[in-house]
Amino acid sequence: MSEARAIGAAEANAVGAADGGSAIIARARLLRRLQLHDRFFHGLTRGAAFAVLLILGGVIVSLAWGAMPALREFGFEFLTTQRWNPVTEKFGALAPIYGTLVTSIIAMIIAVPFGLLIAMFLTELCPPWLRRPIGITIELLAGIPSIIYGIWGLFVLAPFLQEQVQPALIALFGPIPVLSTLFAGPPYGIGVLTAGLILAIMVLPFITSISRDVFEAVPPVLKEAAYGVGCTTWE
């Protein structure tokens with residue numbers, strides 16, 4: 001009787017060991033499969049990251065390749081002169097470069113403060129029932145094509161600035177020596193100020209979205225700690 005029990009116990013142990021071994025083998029296979037999936041996902045994400053760099057490098061190379069005929073024909077003076085005379089075939093890109101830089105600076109001066117204030121209002125001060133409509137409205141501005149902004153600026157914003165804003169600016173800054181060069185002349189309504197305002201409206205949604213994400217990334221415990229030491233909402 002005792003021998004039968006011993007034999008049965010041995011068989012049970014053998015079966016249990018076999019089952020345990022198969023479970024270990026199955027778990028090892030599952031881990032290997034998961035590791036393969038992780039390696040594939042890691043390679044895929046790394047390839048996507050490098051693809052962005054390759055695309056950016058391709059854009060730079062394409063722009064440089066397209067600019068080579070002009071630089072080869074006119075030399076470095078193409079970037080330092082502003083004459084543009086098709087009759088004599090004398091061209092310079094200084095004026096477009098200057099206009100791009102000035103309008104971008106004007107847009108950043110206007111859009112960055114407004115974007116930060118809007119993001120601060122949405123994350124800290126706005127009521128919950130109003131936060132979503134305002135956020136959606138601002139994000140919809142990013143979906144408007146740039147040509148629509150240009151047409152609106154040409155037919156709506158430019159006449160308004162020509163009649164209401166630019167005469168006052170010319171009268172105010174005209175006598176000032178340095179600013180007189182920027183605000184001199186008749187009010188046409190079309191210029192760097194109008195372009196800067198349109199660009200400010202175009203980049204405002206992006207600045208607001210990025211600033212909003214940054215503000216929301218701040219841990220709530222830090223804000224509560226600031227309130228705990230007596231800071232106001234503004235601080």
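**Exercises on a predicted model**

At 32% relative accessibility, Ile-144 counts as partly exposed, a class that lies between buried (under 20% relative accessible area) and exposed (over 50%), with a 1.4 Å probe and protein chains only. This is a predicted model, in which local features need pLDDT of at least 70 and side-chain atom pairs count only at pLDDT 80 or more, while totals for chains, interfaces and linings use all residues. Residues are numbered from 1 along each chain as its sequence is written, and side-chain values use heavy atoms, with hydrogens and water left out.

**Exercise 1.** State where Ile-144 lies among the helices.

*Solution.* Helices are DSSP runs of H or I with at least four residues, numbered from the N terminus. Ile-144 sits in the loop that lies between helix 3 (128-141) and helix 4 (146-173).

**Exercise 2.** Classify the packing of helix 4 and helix 6 (residues 192-216) by its angle.

*Solution.* First, the two helices pack at an angle of about 130°, with their axes 9 Å apart; axes are lines fitted to C-alpha atoms over the stretch in contact, and angles run from 0 to 180 degrees between N-to-C directions. Next, angles under 35 degrees count as roughly parallel, over 145 as roughly antiparallel, 65 to 115 as roughly perpendicular and the rest as oblique. Helix 4 is therefore oblique to helix 6.

**Exercise 3.** Describe how far helix 7 (residues 220-228) is covered, and what follows this helix.

*Solution.* Helix 7 is hardly covered, since the count of buried residues among its nine residues is zero. After helix 7 comes Gly-230, whose phi is positive, near 100°.
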